[in-house]
Amino acid sequence: MAEEFQRTAQFHGASFRESDLFGLAVRDSDLREARIASSWVDGMRITGFDGAAGSLFVDDVEVSAFVAAELDRRHPERVQLRAATTADDLRAVWPMLKGLWAQTKERAEALPESVRNERVDGEWSFVETLRHLIFGIDSWVGVMLTDPPEPYHRLGLAPTDFSDEDSAALGLDRSARPGYAEVVEALDAQWARVDAVLAELTDTDLEQLRTGSLGVGEEPETVTVAHCLGVVLREHTEHRRFAERDLGVLASRVIE
């Protein structure tokens, strides 16, 4: 098994020459100003979240704008979400996203249960992706907007940079293996929470400030209601894109 390095800075500023880095996997790490020169990059993949990876140069050409435009062409819901500035805008975007997710779930449900729990290239399985959406709503609607006494659903899945200990402190079990139907039922309940918030939302509400801590030991942050809801909708937009990508791979494996 390949050696794994976590939370290390030992490669800061390192230089690799004539080295075999085939199959190298880097996640949740700082690669700013990394340079790859005179090397083979066939099949190399760089995945960002809603453009947050930053600028990228290939043969001295900055390509991030091209990538963003192509993603917008393939996923026009990204454009509609960025244009949403009012309560009515958000109320229009949310059912559209739920409709897209209904199509994605239908696609996943055509696959065996075991496949819905299968990972592609180390990314979350389809079930794990749904569990992360549960966590996202708990964080940005629960903690930040409604402040329930027990904000986190036990089936939620925190981001990969959360340790097992941090997850457990929030009442989460990263190693849990719930069935697909159980996860969908929990997510439907979460979607109903978003429905309820949006139903009462006004344009004035969007500018109100909310303060909360979104992790174990994290300093509280203060953001607008608009920001909180924007995160929830972007999470649903981007993670559906990843899910659709991986479902295509999984479906081809089943056919084979």
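Tutor: What follows is a walk through the charge pairs and their surroundings.

This is a predicted model: local features need pLDDT of at least 70, side-chain atom pairs count only at pLDDT 80 or more, and totals for chains, interfaces and linings use all residues. Residues are numbered from 1 along each chain as its sequence is written, and side-chain values use heavy atoms, with hydrogens and water left out.

A search of the whole structure finds 19 salt bridges. The term means a side-chain nitrogen of Lys or Arg within 4 Å of a carboxyl oxygen of Asp or Glu.

Start in helix α9, residues 225–255. Helices here are DSSP runs of H or I with at least four residues, and strands are E runs of at least two, numbered from the N terminus. Arg-241 and Glu-238 both sit in α9, three residues apart, about one turn of the helix. They form a salt bridge, with the closest N and O atoms 2.5 Å apart. Both Arg-241 and Glu-238 are buried. Buried means under 20% relative accessible area, exposed over 50%, and partly exposed in between (1.4 Å probe, protein chains only). The pair belongs to a network of salt bridges that also links Asp-72, Arg-78 and Arg-82.

Thr-237 lies in the helix α9 too. Its relative accessible area is 4%, so Thr-237 counts as buried. The Thr-237 side chain reaches the backbone oxygen of Leu-233 at 2.9 Å.

Arg-253 bonds elsewhere. Its side chain meets that of Glu-118 in a salt bridge (2.6 Å, N to O). This pair links distant parts of the chain: Arg-253 is in helix α9, while Glu-118 is in the loop between α4 (113–116) and α5 (126–146), 135 residues apart. Arg-253 is partly exposed at 38% relative accessible area. Glu-118 is partly exposed as well, at 30%.

Now turn to helix α3, residues 87–109. Here Asp-88 forms a salt bridge with Arg-91, and the closest N and O atoms are 2.8 Å apart. Asp-88 and Arg-91 are separated by about one helical turn because they are three residues apart in α3. Asp-88 has a relative accessible area of 52%, so Asp-88 is exposed. Arg-91 has 27%, so Arg-91 is partly exposed.

Definitions and conventions. A polar contact is a pair of N or O atoms within 3.5 Å; within protein, one must be able to donate a hydrogen and the other to accept it, and residues adjacent in sequence count only if both atoms are side-chain atoms.
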